[in-house]
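Hi,

Here is the structure I promised to pass on. Please have it open while you read my notes below.

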Amino acid sequence: MSAMDPTEIFRQEASELFEVLEGALLDLGQRPDDRELVDSAFRALHTIKGSGAMFGFDKVAAFTHEFETAFDRVRKGEIKPTQELISVALAAKDYIRALIEDPQSTDDIIGEAILDDLKRFVFPDQAAAPVAEMVAPPLVPVESKQAGWHLYLEFESHILRNGSNPLDLLEDLCKLGPCFVVPVTDGIPFLDEMEPEDCYLKWDVKLHAACDKDAIDDVFMFVSDEMKLTLSPLAHVEAPAPAPLFQLLDEEPAPMAAAPAPPVEAAAAPVAEQAVPKVEPKSEPKPEPKLEAKRDDRGIATVRVQAERLDELMDRVGELVIAQARLTQLASSGSDLSIKMIAEEIERLASSLRDTTMGARMVPIGSLFGRFRRLIHDLSRGLSKPVEFVTTGEDTELDKTMIECLADPLVHLIRNAIDHGIEDTATRSANGKTEQGRIELAAVHSGAQVLVTVKDNGGGLNTARIRAKAEEQGLIAAGAVLTDHEIHQFLFHPGFSTAQTISALSGRGVGMDVVKRTIENMRGSIDLSTRPGQGTTVTLRLPLTLAIIEGLLIRVGEGRYIIPLSAVEECIELTAEDERSRGRNFLNVRGNLVPFLRLREIMNASGAPDRHQKTIIISTGDTHVGLVADQIIGNHQTVIKSLSKLHSDVTMFSGATILGDGTAALILDVAQLVALAQSKVEKQHISEAA
Amino acid sequence: MNDGLAGERQADAMQVVMIGLGEEKFALDAGLVREIIDPVPVTKVAGARAFVPSVINVRGNVIPLADLRIRFGMPQLDDTAETRIVVIELDLDGEPVLVGVTADKVYEVTEISQTDVQQTPRVGMHWKPEFIRFIAKWREEFVIVPNMERILN
């Protein structure tokens, strides 16, 4: 097991917490009275602060602390989470994220400005109030004017062996304010009984500073397991402390009555657990902060696994499936019944293992959808177009790599929907629509595909304007007869934009073509449909995974190749007449002229061609091309292997796969194949002309 | 005295896998070699460069199969009972790449000593000098230690 960089673990953990925090804050904007949301946001903040301090992100800890303090007023119900407050809180969250991800480029001034804003909302009456009011522990009468704290520190005797130095902690404590430290020496044994490595001293400290109790807890965070800290507020009169009020033995003091205790413990647990450095921080189960019941899909106990390890596992399983196919083949040709039984058993196990492994790479798409809520929140405020964002099918699962690839295209589509799709409020009310626009993001399984749709209830596409623009750019001749659907396809042309002015968001004409290309690289397709005045729907059809391909297995000479099934339109037999005419490589497919390529020539196949050549009609973009092969073997679903660097100059193939008999077969990249054939023809023409 | 010599010898000895291509013997650095397998069915890659004409399946990985004989201008012989595929791992532009190399025969894993290294002669060679790391003497024979990175790039 390779040990991961602990900072990296923190970053990962933090990024998950940010999602929780952001989600909670955004929801809070809709349901300001939901206490669960406030608590969930608070827990996320608390964990970020704790882990941040532990991994040496002191600025993060300090800033989050202030943030937390301010937010505490919301938690106590003293102020309402207004839209403004939430916007500031989101900005604060972004700042913390920047502090973690790119500390160099952040500026303290920004942080201070955000905190000032935050305080203005949270403490409206006292703009420059002291950081926080005292967070008083239960059972203790709240001292309105706190003069400080009385601490009694008792460490476990082995504390020094773990590398902690109580004196350093005392020094840290002194930084909070003037301290009066008295060591308590009654625990020191006689010299002959003394273990030189043990700590026998205790300390009695009077801290004269009106600091937060959390600040004191932070000082002792790492050793809280190994010490007894007795803490009591110091009154004006320096009286000896009353009986111990609570102990910091193995849990945080119960927080304010409003929050249910268990979740906070859960949030604090990783901090306490990791206080002692461990050799393999990775292998540790990390209790995840509990979330609201409606998002319980995230609350399920999880183990973090590196993606590459899953890839490796998938490779092994792929090998196993291939080996199993050979075993089955062998067993079926023999007559040994017991071997047949074992082969069947292994077949069953291998296929369920494959399904499980594939499932392990699957991630619910909800994790991606969550990210867009912020985008929509910001966009709708920025454009003053109130928008309701609805997501469905969050639990639809997709391969993790696919989810990552999908993020950018969806951002484009959502931006388009808000900027171009949804009309402004005046237009909407004039057309008898609700003032609030609506954007729906949905995911649904459909066979071996996932459909992701972005739907708005805006004005729909302006077909006439798209047409005018296409004519202006010379993409179509004026007066050409085209269906609306064909006209809409021009939106995917590079550099095509109908926006009259370039806004900050869109109109530059880059976007839709990039979206289309990205989706096609994922072996998916994109489709637009629109109803004037009622809105536009963009549908993305995606394969479930990038690692598996549904293909058509064909034979050309001795070689076997795979054509991605998504590109295949139909298969027809090459008639003797087509075969004879060497001069023209065209087919007549129901009245349409379809050019064809002889794969035997392209692949330099040896041996005699089969008598009845087959043609597979493929589509790439708008072009239909026939590929002539010797034989169509059938459907083949398989794991894709990429070709090595040594073959990176061969563009005709997008990868390879392993067939049931253990040989490798190449997967045709149809778009490249057609492009290659076209350039070949052009070269031929040039040389003929010369 | 003897011990000292032996120690010194070990220090500059190099573990190699001795393979035969045509009439020649080549010594592949054993550190590169991952495994040696029997010939497997190959899949031709149309349009690939001549010295990497095909791919093979090795334990579920599709890896290129290189033919050094083409790089050294030797005739290609048909597979015999002695033909093997040596799978080596090379670092090409900072990326580890597994490559299969066809060998007409694999002799043994042995040591060649740096003291036996001969300067690559400038004349009398019909091979490109950049393909050759150095020539060493082994059992009264000259063997070529090829520079695999150069050959396959």
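A quick definition to start: two residues count as in contact if their C-beta atoms, placed from the backbone, lie within 7 Å. Please also keep in mind that this is a predicted model.

With that in hand, let me begin with helix α5 of chain A. Among the elements that cover the buried residues of α5(A) are α3 (58-75) and α4 (83-101) of chain A. Those buried residues are G111(A), I114(A), L115(A), L118(A), K119(A), F121(A) and V122(A). They span an arc of only 160° around the axis, so they sit on the same side of α5(A). On the face turned away from that buried side you will find the exposed residues I109(A), E112(A) and D116(A). The length fits as well: α5(A) runs over residues 108-122, and at 1.5 Å a residue its 15 residues should span 21 Å, which agrees with end C-alpha atoms 21 Å apart.

Now to chain B and its strand β6 (residues 61-66), where five of the six residues are buried. Which strands does β6(B) pair with? One is β5(B) (residues 54-58), in the antiparallel sense over five bridges, with S54(B) opposite L65(B). Two residues lie between β5(B) and β6(B) in this hairpin, and R59(B) in the turn has a positive phi of about 50°. Another partner is β8(B) (residues 95-103), which pairs with β6(B) in the parallel sense over two bridges.

Terms used: Residues are numbered from 1 along each chain as its sequence is written. Chains are lettered from A and ligands numbered from 1 in the order in which they are written. This is a predicted model: local features need pLDDT of at least 70, side-chain atom pairs count only at pLDDT 80 or more; totals for chains, interfaces and linings use all residues. A residue is buried if 20 or more other C-beta atoms lie within 10 Å of its own, exposed if 12 or fewer, and partly exposed in between; C-beta atoms are placed from the backbone. Helices (H or I, at least four residues) and strands (E, at least two) are DSSP runs, numbered from the N terminus. Two strands pair if DSSP finds at least two bridges between them. The expected span of a helix is 1.5 Å times one less than its number of residues. The arc is that of the directions from the helix axis to the C-beta atoms.
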